[in-house]
Structures are given as structure tokens and as C-alpha cells.
Amino acid sequence: MRLRIEGGLVVTMDDACTVYDPGVVEIEGGRIVHVGAEKSAEQAETRSARGLIAVPGLINTHCHLSQQLGRGLADDVDLLTWLRGRIWPYEAALDEEDVEVSSLACALEQIRNGVTTIADPGGQHVDGAGRALERAGIRGFLGRSTMDEPEGVPESRRESTEETLAVQDELAGRWDGAADGRLRFSYTLRTIFNCSDELIEASVERARLLGTPLQMHIAEIPAENAHSKATRGTTTVRHLDRLGALGPWFLGAHAVWLEDEEIMLLATSGAAVSHNLASNLRVLGMPRVADMLDAGVLVGLGTDGAPANNRMSLIDELWAATLLQKGMRLDPTVLDARTAFAMATRDGARALGAADLIGSLEVGKAADLVLIDPRTANMTPVHDPVSALVTAMKTENVHSVMCAGRWLLEERRITVVDEQEVLVEAQARADAVAARAELRK
């Protein structure tokens, strides 16, 4: 049965950033079949969106599903302490059921923040994460944290190049295209600290064959570039370019410590960057996003993981990202609202190689959309809807969320699972994991 959502304002985020006020979006079979100022002539069930704003589902291009139970366990430490002293022990203490609950709790937070697509750069126990996203109804790119060099890695996490590739190949066969195509598998690389050139090159080949992005944390701290110079003779991004790893298939997370030449290497290769402002400022530094955009680098937004951010809201990331770049440049015109909102929607889809399916409200694309209620003290009045979405919207303004034609959040109520039951179990499992990892303060 066709569903017609009408009476509200529609921000399509197509290439022209078309806005209909009021507008109509019609959905059938999980796809958008009509968008415009007027309804079609087809029979349809009608849903009033009067007073609301319809936007594409937001796209989180870097979200560690398995880390949700670690919120608050790694505050106020440098990156290598964060990684080796907190996160790796935490991850080593997780079992598959822990990861399923962590991923489900993370997905619920994402849904409440208007996110309909998650790119997971990897943890362990991908089967648990996959089951969670199946239950949550959200769209996702599943990944497994991949390392084949042992420096600082717990004994239980150490694998050879052949072993880690074999595990990923098996997971790709099991999860790519699952849940009626909502789930894809993505090959992932942790960092250049713990990934050999052999693993990087083999992962590039597999990612290109599969047609999903190769995800990797890059240029996070000066020590990373120093390590790359000492072991490879040059910085991370330059070395990846020499290996042929950069290209439209490559999604680099963070990209904080870049030189001008490296920004141009990303731009000319067609590689994308996931900008994660909150975790960058807490642990890594201040990325030159405005410079990347000026150079033509494709940039999406991400939240990172709960222990790096604590506040897993892409809405907050969207607002703060614009402020930082304006302040860094001392230029209020930098990273305007339409550019920023594209990073959370259309450009996020492009970064994941999925722009033909998601990222805008256009005929033929998946029915991934969000209804925003601006009738709150923080968002009223609305003069420019796109500006309001970037600078005034908060989590509480997310009214309803649809993915693939199914309501996941309807009138602020999660419809897919018992939310309170999930959160109670998440707290109990988080306590147990922290105790096993000996991370209790």
C-alpha cells in the first residue's frame, strides 16, 4: 500500500537542495515513488506531517557499535593510553551477546538522533552486531577491527594476515546483502600502527571487488605519522597513496594531522573522510575540514564510539562541526548550513558509495526519512529550515524515523524493540564487562 506523507515542509537534499513548503513524499515497497509540491493521482494511505519537516535519514559514517557499553571508561587520556590501556582490554572482555546488546543500544541512540544508516569501522563479534541491526531495522555497513601486527595488542586479539582476512571473507559471505539488502559488509583496517602493507593491499582488493568502502583510521595523532615515517619512510596518507590504497573506495576516519599535499592526495584520488569532531577534540586535535572541502575532499560526519565521545549524537556533531571551522578560519561564512547538512546526508551517502540508494529524498531511492518537529523553544521560529536543522535542532526535535519504508521511531516512541528492556540489559552487561576488563575506577 502506498503511503503519502503530506502537509509538512520537505527538505530533499537533492543536488539543488530543493525545499517544498508544503510538500509531499510518497512511499511504496520501501522506496520513494513521488516527491513534490503536489500529491500524485495514486490511491494512498495518508499521514499528516503538518508542522513537521521531512528530511533524509542522517548517515553516520563512523560509529563503533561494539563500544556502546564502554561509555565513560576512557575519559581524559591520550590516544595510545585510550586504545591500549582502555579500549583493547574492554574489547577483549566482550562476548558475542555483549556486542549484540551494545550494538542494539547504540542503534537506538542513533535512531533517536535521526540516523538511518551506520558505518561500523569494526569491533569483534560481527555476528552479534549484525543481529542487533537486524532487530533495530536500521541500515548498516558491518565491519571487523582488523590488525595483523601485534604491537600493544592483547594476546587474545592477535592474528596473522591470512587469519584476519579469512575471518573477514567469511563474514562478508554471511552478512553482505543481509536483511533484504539493508546490511552490507565493509573491510576495515584499524590503524597503520597495527596493519601490514600486505594486509592493506589485500583489503583494498577485496573492498573493490565487494563494492563497499574500505574503512581505516588515518592521521589521528602526530605519533602515528612519526611511526609511519620510521617504518614506511613517509606519513600515513602518503604511504597509502604509494600503495594504491586511496581511491573512491577508501573512507578514512578522523584525518586530523594532514599536510597540504596529503589533503590534495585525498582529493585527487577521490577518497572520502569521516569527520568526528567530538572525539577529535577530546583525544586527537582539530581537523582542517574547511581546507579539505576547499580542496574537493568528500567529507561525511561520524560520532566515533561512545568511549571517545560519550555523546553519540550526529545532530550535535553537525552543529559543532560548523562552529569549529568558522572559529579556526575566523570566517563566519565557512561551512555554511547547506554544506554541513549535506555532510550528514547526501555526502555521507557518497562517502559510503551508496548515493544511488540513500542520502536524499528522491524518486527511486530508499524510503529512509526523518520527521523533525520544530515546535519547541529551542527551534522556534524557523525562517530558514536548513539553517534551523544545523544550528538549532536537538535530539528532542526528532519526531519519527523511517528506514526502508518502516517506522523505527513513531511520534517519539521506539517501535522495533522494548527500549527500556534493552537499556537495563545494557547497564548490567556494561558493569560485567568493565569488571572483567579491570577498568572499574
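Colleague: What covers the buried residues of helix 3?

Modeller: The cover includes helix 2, strand 8 (139–142), helix 4 (161–175), strand 9 (183–185) and strand 17 (406–410). This is a predicted model, in which local features need pLDDT of at least 70 and side-chain atom pairs count only at pLDDT 80 or more, while totals for chains, interfaces and linings use all residues. Residues are numbered from 1 along each chain as its sequence is written, and side-chain values use heavy atoms, with hydrogens and water left out.

Colleague: How are helices and strands assigned?

Modeller: They are DSSP runs numbered from the N terminus: helices are H or I with at least four residues, and strands are E with at least two.

Colleague: Why is helix 3 described as largely enclosed?

Modeller: Helix 3 spans residues 126–136, and eight of its 11 residues are buried, so the rest of the structure largely encloses it. Buried means under 20% relative accessible area, with a 1.4 Å probe and protein chains only. Among the buried residues are Asp 127, Gly 128, Ala 129 and Ala 132.

Colleague: What follows helix 3?

Modeller: Gly 137 does, and its phi is positive, near 80°.

Colleague: Turning to Ser 103, where is it found?

Modeller: Ser 103 sits in helix 2, which covers residues 96–112. Its relative accessibility is 0%, so Ser 103 counts as buried.

Colleague: Which residues does Ser 103 touch?

Modeller: Setting aside residues up to four places away in sequence, Ser 103 touches Leu 65, Ser 66, Ala 129 and Ala 132; contact means heavy atoms within 4.5 Å.

Colleague: Which residues touch the most other members of the largest nonpolar core?

Modeller: Those are Ile 138, Leu 142, Phe 250, Phe 341 and Ile 372, in a core of 111 residues. Helix 2 gives the most to this core, with eight residues. Such a core is a set of buried Ala, Val, Leu, Ile, Met, Phe, Trp, Tyr and Cys residues joined through side-chain atoms within 4.5 Å. Another core, of 16 residues, lies apart from it and includes Leu 3 and Leu 369.

Notes. Buried < 20%, exposed > 50% of the residue type's maximum accessible area, 1.4 Å probe, protein only.
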